[in-house]
Amino acid sequence: MTATGTSEGVQRMLADMREGVLQGRVPARIFNDQEIFDLERDKLFSTAWCFLAHESEIPKNGDYVVRYIANNSIIVVRDEHGNINANLNMCRHRGNMMCKSEMGNASHFRCSYHGWVYKNSGELIGVPYFKEGYEGQLDKKQWGMIKIRIDTYAGLIFGTLDPQAPSLDEYLGGFQFYLDIYLRQGAGGSEVHGPPDHWVAETDWKICAENFSGDGYHTPVAHQFGFHLGYFPSSGATHSEGWAVHIPDKGHGIGLGHTPGMPPFFGYPDELVEQMRGSLSAEQIEVFSKTRTAVGSVFPNLSFLIQPFSLVPGEPGVRFCTMRLWHPIGPGRMEMWSWCLVPKDASDEYKEAAYKAYTLTFGQAGTFEQDDFENWTRVTKAAGATAVRDVDFPYVMGLERPRLADFPGPGYAVSPYVTDTNFRNLWSTWLDYLTREA
């Protein structure tokens, strides 16, 4: 498991963590450490399937967005034939960045250094002084932009840097069942509503991914005003009820909060509920109709939340859905992208209400977002302190909790949903990536 450039101290910590996770212990140091960040870049993000974009962000031919896998800038573009391409944002001539805008529309990309020109599909078609300088001998087919392997699920575009990685379908390993609560909100599926919020946070990405793997434990404390003022159509007394599910050895996890007595599919318009009854399986309807809150993460760093929220305290809530990407850019530092997802076939009135609920709660300046990042930033700072380097955090909640034998969905399910069960699977998977041979 040794890795070139990794100190004996970190190697020993990771070796001890193997048994520690099984016993419910995780070292604090992993949440803010340069060596861990380097290992994640080289051994996790270089081999996992990573989220790049939603297809609805690039609806027209020529539309593009610029995203990242680890420290690699990638142009995700719909070409002139409607196909989706992902290419390194780099000219093959001398390595200059091709595209400097985060999003836009272009039929071609031209390097600002020596002027090489590529189709938006990545094919090299223009070279200045082709006859005079290269004497017409440069084989343009060999010098196109470098392609990134991609695949999609229900509108989500993923990419991987590893040509030997398993298929995306195998990687998700059955978690598609739960992704559908976010991605099939109606017969037409989901789409982004407006551009993403995008900012930099002094927070380790793993704290966020863990929280969105089903941390219902923090809600009655960190967001208690939501209960007291009537923004949640539920109470703290029953908040812990529901289910926690993860896909063993894959790292994906979801918390499904349930409020007794809440009407099925509460917060959705009736016409969308009818559509979902036709587009979802009987097993999905059994689970999702009883779900109040669905907070889940696709390993390693893509998360979702669906939650009914009362725009006017005390009145019936509207369902909003947020999708978020926690992109690490340094130890204890990350770039954050946050989108509002809406049902494609919903009315404009519902889409605006859902977007307003998202903005008030989990937009860049949302009240709940502020609550979380205030805590996450302080956790990150503490984890980087010298006196904390050998400290473990407890992950013992639900350690002996039995697996539900009759849960309708795939994966390992337990109840109630306030538990550390999903997190232990998350850290075991993370450890597998960091300790595997290159």
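Predicted model: local features only at pLDDT ≥ 70, side-chain atom pairs only at ≥ 80, totals over all residues.
Biologist: Thanks! Which residues of strand β13 form its covered face?

Modeller: In a regular strand the side chains alternate between the two faces of the sheet. Strand β13 covers residues 197–201, and His198 and Val200 make up its uncovered face. The covered face has Asp197, Trp199 and Ala201.

Biologist: Which residue stands opposite Ala201?

Modeller: Let's find the partner strand. β13 pairs with strand β19, residues 333–343, in the antiparallel sense over five bridges. In β19, the residue opposite Ala201 is Met334.

Biologist: Now for the largest pocket: which element gives the most to its lining?

Modeller: The lining of the largest pocket has 23 residues, and Glu210, Asn211, Asp215, Tyr217 and His218 lie nearest the centre. Elements supplying at least two lining residues each are α5, α6, β20 and α11. The one that gives the most, with four residues, is α11.

Biologist: Which class has 13 residues in that lining?

Modeller: The largest pocket holds about 620 Å³ of space. Its lining includes six polar and four charged residues. The class with 13 residues is nonpolar.

Biologist: And how far does helix α11 reach from its first C-alpha to its last?

Modeller: Helix α11 runs over residues 367–383, which is 17 residues. Its buried residues include Phe368, Phe373 and Trp376.

Notes
Residues numbered from 1 in each chain as written. Heavy atoms only, no water. Expected span 1.5 Å × (residues − 1). Buried < 20%, exposed > 50% of the residue type's maximum accessible area, 1.4 Å probe, protein only. 1 Å grid on protein atoms, 1.4 Å probe; cavity = no way out; pocket = protein on both sides within 12 Å on 5 of 7 lines; lining within 4 Å. Points joined across faces, edges and corners; volume = space filled by probe spheres on them. Nonpolar A, V, L, I, M, F, W, Y, C, P; charged D, E, K, R; others polar. Pairing = 2+ DSSP bridges.
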